[in-house]
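I opened the notebook with a few things to look up, going from an annotated span to chain contacts, strands and a helix pair.

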Amino acid sequence: MPLDYKRFNGPEDSVSYKRFTADYLKSYDELHSELIDETGHRKDGRAMDEARPMYVRGNFVSQAKGSSYIEMRGTKVVCSVFDPREIVHQNEFSTVGLLFCEVKFAPFACKRQRQSHVPDSEEKALSVALRKAVGPTVCCQLFANFQIDIFVYIIESDGSCLAAAITAAGLALANAAVPMFDVVTASSVAIIGDKIFIDPTEDEEHLAMISPDTNTNHGVITMARLNGLMQIADFRQIGSLDIECILKVTDILEQECQKVFPKIQKTLVGYVKNGIMEQKRLSEEGKAREAKLKDKMLEWRSSIVNNSV
Amino acid sequence: MTEVYKHIHPSKYFNDYINQDVRPDGRDFDQQRDVIININGITSADASAIVKCGNTTVVCGIKLELARPKAEEPDIGFLISNVELLPLCSSKFRPGPPSDYAQVISNIVSDIVINSKCVDLKDLCVVTDKLAWVIYCDLVCLDYDGSIVDACIIALITSLKTLSLPTVTYDNETEEVKVDTGVKIPLQVHGLPVATSFGIYHKLPRNIILADPSAYEEEMCGGIGANLIVCWNKGLFCGIQKFGGCNLSTEDEKRTISLAKQRCKLVEQVIETCIKNGEVK
Amino acid sequence: MATLRVMDSFLMPGPDLLSSQGLRLDGRRPNELRRIRCKLGVFTQPDGSAYLEQGNTKVLAAVYGPHQASKSKSSTEAVVVNCQYSMATFSTGERKNRPRGDRKSLEMSLHLRQALTAAIKTELYPRSQIDIYIEVLQADGGAYCASVNAATLALVDAGVPLRAYVCACTASMAWHGGSPAPLLDVGHVEEAAGGVVLTVASLPSTGSIALLEMSHRLHSDYFENVLSRALQGCRDIEVILDKAVRDHLAEGWTKQDVVTV
Amino acid sequence: MAGILLSHTEKVYITHGVKNEYRSDGRSNIDYRPMELETDVVSHASGSARLRLANTDILVGVKTEIDVPKPDKPGLGKIEFFVDCSANATPEFEGRGGEQLANSISNIMLRAYQSAQAFNLKQLCIFEGKQCWKLYIDILILECGGNLCDAVSLAVKAALFNTRIPFVKAALMDGGNVDLQLSDDPFDSKWLDVGSAPLLVTLCRIGEKCVVDPTAEEESCSLVSLIVGVTGNPKYYNDYEDEEELPAFEAKCSVISMHGPGSVSPQNLRDAINQGIIAAVCLDEALGKTLFRERRDTEQFKRHSYGFLK
Amino acid sequence: MDEEGTEKICIPGMRLSTLQGHSSGQGTYVKDGYIFAALSGILKTEEDNKVIKLSVVSLITPSILPKAGDIVTAKVNVVNSRQVQCVILCTGQTILTRPYKGIIKKEDIQLKYKDGIDPYKCFRPGDIVLAKVLPTTELHWYHLSTEDNELGVIIATAEGSPPGVSMIPINWSMMQCPKTLVKELRKVARVVPENINEALLPLHFNQDDESLLLNK
């Protein structure tokens with residue numbers, strides 16, 4: 001790999017100390033048995049079908065047109081959206097605008113290895129997936145020949161990053177007052193054997209990607225959904241799953257996306273309410289100032305009159 | 001309407017405020033923005049801090065790695081700090097490799113930390129010529145609203161102060177490395193550098209010094225970034241840098257240095273209380 | 001190391017390239033071409049396309065145009081010939097990391113353009129552009145020659161007016177029993193052995209040379225000798241190409257309909 | 001694929017055709033176009049295949065290299081997909097013009113081959129933790145006539161089926177190095193086990209219905225398409241003496257992905273996945289039988305090689 | 001907030017009504033015979049010719065682009081003998097956070113004497129102008145016109161004057177700096193006063209005070 005002269009680099013042979021810890025190379029079975037305790041609860045105490053609590057807010061980045069922040073315990077995602085700008089290397093007339101999506105991990109986002117600054121294939125794949133998921137919801141025909149930038153930064157990653165990124169982008173777009181067909185929310189599921197982990201953590205996702213030697217189901221599915229129009233904006237699966245399982249998970253995911261929706265709805269309505277209040281306050285202040293100005297004017301005019309007299 | 005005016009005629013808009021002895025966000029010329037610190041909010045990092053100075057938000061995450069020390073300096077470890085100005089934090093920055101400005105900021109922050117000698121690099125060596133710690137400090141700006149260096153230094157120092165190193169055993173014969181995360185030793189941090197940014201606004205008859213400028217103020221003072229950065233470390237004056245902008249008179253220079261000294265004490269207190277509270281938790 | 005080898009070949013120009021019976025490493029005689037097989041119109045989407053095998057070297061060519069030239073390239077006098085030479089990542093013994101964009105491919109693209117511009121009646125299409133794309137599927141020496149020959153066929157298939165066929169051929173030099181013996185159509189093994197390689201692109205029917213390139217050193221006394229051997233190769237190739245074109249045109253017609261000139 | 005301009009009425013014509021299960025080339029919505037397949041077409045590669053699906057032309061070469069396995073997966077080999085969109089297909093691909101399309105195809109292929117149930121990387125291991133084989137699967141797109149993904153996956157599976165990996169003797173030396181001995185005999189090698197390798201099926205939503213194997217014209221009428229990767233049945237790729245020893249087989253999805261700017265309704269999605277699995281199972285059977293027949297012909301020197309000259 | 005109940009808050013994708021008797025305005029779209037909201041904001045209804053027009057008003061300026069017929073505020077960057085290049089800052093009351101490139105061709109500067117006009121005598125780099133957007137003919141360039149009397153330079157600083165000191169129009173083609181008294185040629189816009197107070201005030205009234213008071 002070529003050396004990056006624009007940053008400070010550490011020694012080339014440096015490796016994370018976690019490589020030398022006792023639990024670096026655990027066997028599949030060990031990892032598997034750790035996921036669920038005797039009572040059928042997950043490592044973090046959740047039930048199998050319980051999503052993590054989600055903290056949502058908009059207006060996170062003061063310099064962006066619209067922005068959002070989503071936190072699902074260990075997964076923290078920031079998204080900001082900027083106004084349309086011209087497409088640099090475009091020479092053909094188009095009737096629709098473009099979405100430019102970039103997903104990046106913080107160098108310290110992953111537990112295991114430090115993330116390189118150079119975009120890796122996972123970041124590129126996430127960017128493509130994000131673009132696919134938010135594409136159907138943005139009214140692209142309104143900004144033909146221009147592009148809207150959507151940047152997602154994953155501060156900390158503990159599973160379901162894509163789902164969090166999509167939901168955050170949907171909120172940030174609405175926050176930026178980009179005309180949209182619908183609010184988009186996403187949710188993901190990890191499947192290991194006959195167990196379905198809703199809103200998986202990094203460990204659960206990691207294990208779901210490894211195939212056990214037996215021919216059992218394993219995989220991760222992420223779905224993005226337009227809640228008002230009841231359409232599926234994106235569906236991506238990886239792993240190896242049979243058809244019954246996929247169909248079952250599709251239903252579950254639809255419900256999960258539906259569950260996220262009210263949170264986004266509430267946030268957006270909250271901002272409109274605040275906005276109305278703010279507007280009122282401003283208009284009152286404005287009126288007060290106007291009155292002051294009028295007084296001053298009268299005073300001043302009378303002084304002219306007096307002077308002339 | 002104000003916004004339109006600000007957009008169309010920015011210099012006049014700004015001038016109007018300055019003439020009334022007030023800044024557009026309502027602060028006095030010397031007034032700093034509030035500092036908020038949150039420590040160890042990111043569990044995937046070995047140590048972390050989130051710092052907000054007004055709107056400016058910087059996250060620092062530290063990742064520990066092990067490597068063989070350099071042959072010419074076999075008994076010292078590595079402290080690598082980088083500042084990342086993301087495209088999402090402001091429309092000024094584009095995706096791709098770091099811009100010139102980002103590299104300058106990265107350099108300033110790294111220089112301040114290395115020069116302050118707050119971390120003795122010899123402490124980072126595990127076995128001479130064989131194994132040493134590499135501390136990667138990644139500073140990420142999430143919201144760029146001026147005085148980025150101040151926030152970066154606070155975030156970096158706070159997270160260094162909360163960092164502890166796991167114990168490492170190195171077998172000289174088999175060259176096998178074992179790390180025990182159960183026993184951790186806090187990293188020794190000597191001193192506490194604090195940087196304070198100023199903007200110098202050109203105005204007749206006297207230039208005006210703006211402490212802790214916002215992004216808009218920095219722009220009005222000429223170009224992106226602060227004009228003047230003053231650095232104090234535990235009551236010791238340890239650096240001053242001036243970049244472009246207007247000329248600085250001697251009395252202004254003295255005033256900024258004393259302002260920075262006051263601020264240094266305040267910030268120290270904030271960091272100390274924050275770490276204490278964190279430990280109590 | 002490299003200079004040493006050049007010296008070697010200069011003093012004793014590749015005595016190991018010919019066996020005592022006067023046969024080459026792959027069993028050919030010095031003046032023998034490798035087997036050429038070709039086909040026109042392999043694809044439907046391009047305006048013209050051709051596939052050509054020269055021994056183990058396999059090349060695909062596609063021609064698009066003439067069409068409106070992109071703004072930056074446009075010329076009011078003549079058509080712009082745009083060439084791209086690309087090698088499949090699996091075309092060589094060692095895997096290539098990228099199919100094009102490296103220095104060698106860019107040089108090849110440039111040489112192709114020079115040879116083909118000489119053959120095309122460029123003055124017929126001002127403000128237009130012809131795209132010629134070459135894809136080398138398998139490289140076993142003489143990839144440039146095969147590319148030129150394939151591009152000629154593709155241009156014919158596209159119906160682009162040509163002055164003449166442009167054919168390319170390589171020649172090298174060996175010694176047989178003390179006398180110089182020029183070798184025709186150099187293969188990869190012979191190229192790698194480090195002898196001189198002269199590449200000629202010519203329009204045999206007009207007798208003109210469009211491109212001449214030589215690697216390594218050769219005594220000027222033997223140059224004419226090698227060049228004439230290469231030109232002979234071009235003439236031989238022209239006959240093969242011509243036959244391929246006629247066969248292609250004859251397809252779907254009965255033989256009687258085609259008047260053989 | 002860009003470069004195809006259809007008028008509104010042409011689009012309406014295609015959409016109505018699909019609605020009535022009757023497409024402009026006479027196929028029904030679940031029919032594939034005829035394909036031509038030939039393996040072992042590139043001599044510099046360990047395995048190769050060329051597939052022509054109507055106008056779509058794909059050439060795949062598989063090259064092998066010895067590499068060091070990843071530290072967290074010591075017992076597995078490596079696989080890499082590289083797609084190159086040749087400018088022969090369309091002038092838009094000149095230079096780096098086809099890179100985006102190429103990346104999206106290589107990405108979905110990589111995801112489809114990710115599960116061990118689709119392609120077991122253990123067979124590429126030479127010496128655990130020290131040495132393994134790395135497969136470079138180089139895909140060259142020579143002509144685009146719609147339905148690239150399906151064609152690529154078919155050609156890749158055929159090329160892998162055609163790939164031989166030399167037997168290597170590995171011994172651990174002092175100092176942790178591995179000594180490798182490669183046989184000089186090119187026939188001293190093994191075939192790869194690719195029976196379960198996945199095939200991709202693209203389902204293009206046109207109007208309210210989904211079609212398989214869309215032509216380029218149909219693709220330009222569609223706002224969204226679903227790609228389903230389905231694992232293959234080893235039965236068709238191996239010479240089982242006894243039908244009884246066959247492992248129980250169930251087609252599984254190894255990847256599902258959506259492309260294009262549109263969205264689908266949940267019911268549409270379910271139907272499409274079902275439809276995709278059925279199509280993939282049929283394709284897999286046809287491919288396996290063809291490949292197996294070709295291999296037998298080659299072994300008996302009956303096969304005639306055509307390449308691009310046919 | 002007692003008034004709050006009367007305002008209907010919308011978020012994108014909310015179904016507002018059927019298309020019968022209603023029409024879709026700003027911030028809404030039509031799908032399958034229904035009107036949906038496209039922005040988050042307040043629902044506004046206007047009755048026009050027995051058809052109720054629904055539109056959603058966002059509290060922050062929506063992401064829009066200048067379109068043909070809009071009056072925009074632009075800043076002049078480059079002036080040459082054939083055209084004037086500028087950056088569009090606002091359309092109407094809406095601030096554009098991104099700069100969009102605009103061009104004023106020589107023949108679109110004023111209504112009369114189109115041929116004899118010299119762009120240097122109408123605009124200078126740094127001037128703020130009001131202009132109208134013409135139909136788009138080029139990618140990424142908005143063609144603008146200042147033909148109308150109400151369009152042209154509104155803010156300009158004379159050469160040599162300190163920044164922030166604007167010139168005052170003295171006739172339709174000339175402006176003067178209040179500090180240095182330098183006169184310069186411009187294609188001046190006839191600004192129709194919006195605020196009666198402003199009109200009553202003489203123009204050399206302490207401008208700094210005035211603008212502060214108007215900040216609302």
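Before reading any annotation, I noted that UniProt positions are given in the numbering used here, that feature names are shortened, and that annotations may be inferred rather than shown by experiment. The model is predicted, with local features needing pLDDT of at least 70 and side-chain atom pairs counting only at pLDDT 80 or more, while totals for chains, interfaces and linings use all residues. Residues are numbered from 1 along each chain as its sequence is written, and chains are lettered from A and ligands numbered from 1 in the order in which they are written.

**Chain D, annotated span.** I found that the unreviewed UniProt entry places "domain: Exoribonuclease phosphorolytic" on residues 32-166 and 198-276 of chain D. For residues 32-166 of chain D I read 21% helix and 38% strand, with the end C-alpha atoms 36 Å apart; helices (H or I, at least four residues) and strands (E, at least two) are DSSP runs, numbered from the N terminus.

**Chain D against chain C.** Taking contact as C-beta atoms, placed from the backbone, within 7 Å, I saw 24 residues of chain D touching 27 residues of chain C. On the chain D side, β3 (56-67), β4 (78-85) and β6 (131-143) each supply at least two residues, and the largest share, five residues, comes from β6(D).

**Chain E, strands.** I next looked up an open sheet of three strands in the order β2-β5-β4 of chain E, paired antiparallel, where pairing requires at least two bridges found by DSSP. Its edge strands are β2 (15-18) and β4 (28-31) of chain E, each pairing on one side only. Between β2(E) and β5 (residues 34-37) of chain E I found three bridges, with E:R15 standing opposite E:F36. I also looked at β14 (residues 168-171) and β15 (residues 174-176) of chain E, which run antiparallel and are joined by three bridges; a hairpin connects them through two residues, and E:I168 stands opposite E:Q176.

**Chain A, a helix pair.** The axes (lines fitted to C-alpha atoms over the stretch in contact, with angles from 0 to 180 degrees between N-to-C directions) of α1 (residues 28-35) and α4 (residues 202-209) of chain A come within 11 Å and cross at roughly 140°. The contact is made by A:L31, A:H32 and A:L35 of α1(A) with A:D203, A:E204 and A:L207 of α4(A).

Technical notes:
Two residues are in contact if their C-beta atoms, placed from the backbone, lie within 7 Å.
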